[in-house]
Every structure is written in structure tokens, then in C-alpha cells.
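Reader: Could you take me through this model, beginning with the strands and then moving on to the rings and the pocket?

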Amino acid sequence: MSSGSNAGVVLHTTKPGDGVNFPSNGCTVKVHYEGFLENGSKFDSSRDKKRPFNFKLGAGQVIQGWDIGVAKMSRGQIAKLTIPAAYGYGPQGYPPIIPQNATLIFEVELLDFSSKENS
């Protein structure tokens, strides 16, 4: 297991990926995720919806902590991302789901990604 930090976002690998294929900004990534508050309560899950989530990396389509964390993952990797409020929903939160100044914990699996040219 490995861990790393960038801009306050902590990535802890629970299952290594291929270690070779990493997405870059502009790629469309496909992930499964579960989001938790620090008290352990789940607030969202693509697994519960039975549908992976796609977004363009680095384009501001998701919270900044995701853009930072997912860029450090390789294809197939499962990691826990601990995202401080400054890289999540900040001092305002996302009422009523995310409280103010909440640290968020996501389990993210990078299923696949397409190159910038194909997205």
C-alpha cells in the first residue's frame, strides 16, 4: 500500500493499478466511487447507483480534490482519497448533504480513461 499527498489531498492505495497508465488533464475518466463524511456516513455512491461516473480530468467538473487525486491513480487502482474542505466544498459545504468545512473521504476505483483526442 502506498500513500501520497498533494495540496493537502491524501491518497492511500488499497489496490494497486497497472502502475503504467495514468490519466492526464483533458482525459475523460471512468470511476466508481463511494463518498463518506468523517463520521463514516455515506453521502453518495456510484456503486449504489450501479453506474460508473465519467468526468473530464482537470476541467473543474468535479471538486478539486478529485482532479488532484485521480490524476495520481493508474488504471485499475482503488484508493482512498482524504480531501480537506479547501479542496472539497469549502466553508459553505453543500447543504444539506455536505456540512460546512467538511473533510471528505472517497473510495475511488479508476476503471478506465480515454485519451484527450478520444474524449
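Author: A term first: buried means under 20% relative accessible area, exposed over 50%, and partly exposed in between, with a 1.4 Å probe and protein chains only. This is a predicted model, in which local features need pLDDT of at least 70, side-chain atom pairs count only at pLDDT 80 or more, and totals for chains, interfaces and linings use all residues. Residues are numbered from 1 along each chain as its sequence is written, and side-chain values use heavy atoms, with hydrogens and water left out.

Reader: How many residues of strand S3 are buried?

Author: Seven of the ten residues of strand S3 (residues 28-37) are buried, so the strand is largely enclosed by the rest of the structure. Strands here are DSSP runs (E, at least two residues), and helices are runs of H or I with at least four, numbered from the N terminus.

Reader: Which bridges join S3 to S7?

Author: Ten bridges join them, and the two strands run antiparallel; threonine 28 has serine 114 of S7 as its bridge partner. Strands count as paired if DSSP finds at least two bridges between them. S3 also runs antiparallel to S5, with four bridges, and lysine 30 stands opposite asparagine 54 there.

Reader: And what do S3 and S4 form?

Author: They form a hairpin with four residues between the strands, and glycine 40 in the turn has a positive phi of about 95 degrees. Their pairing is antiparallel over three bridges, S4 being residues 42-45.

Reader: Turning to the rings, how many aromatic pairs are there?

Author: Rings of Phe, Tyr and Trp (its six-membered ring) pair if their centres lie within 6.5 Å; planes under 30 degrees apart count as stacked, over 60 as edge-to-face and the rest as tilted. The count is nine aromatic pairs. One of them is tilted, phenylalanine 55 with tryptophan 66, at 5.6 Å centre to centre and 50 degrees between the planes.

Reader: Why does that pair tie together separate parts?

Author: Phenylalanine 55 lies in strand S5 (residues 53-56) and tryptophan 66 in helix H2 (residues 64-70), so the pair ties together parts eleven residues apart in sequence. Both residues are buried.

Reader: Finally, what is the volume of the largest pocket?

Author: About 260 Å³. On a 1 Å grid over the protein atoms alone, a pocket is an open set of points where a 1.4 Å probe fits, with protein on both sides within 12 Å along at least five of seven lines; lining residues have an atom within 4 Å of a point. Grid points are joined across faces, edges and corners, and the volume is the space filled by probe spheres set on them. The lining includes Tyr33, Asp44 and Trp66.
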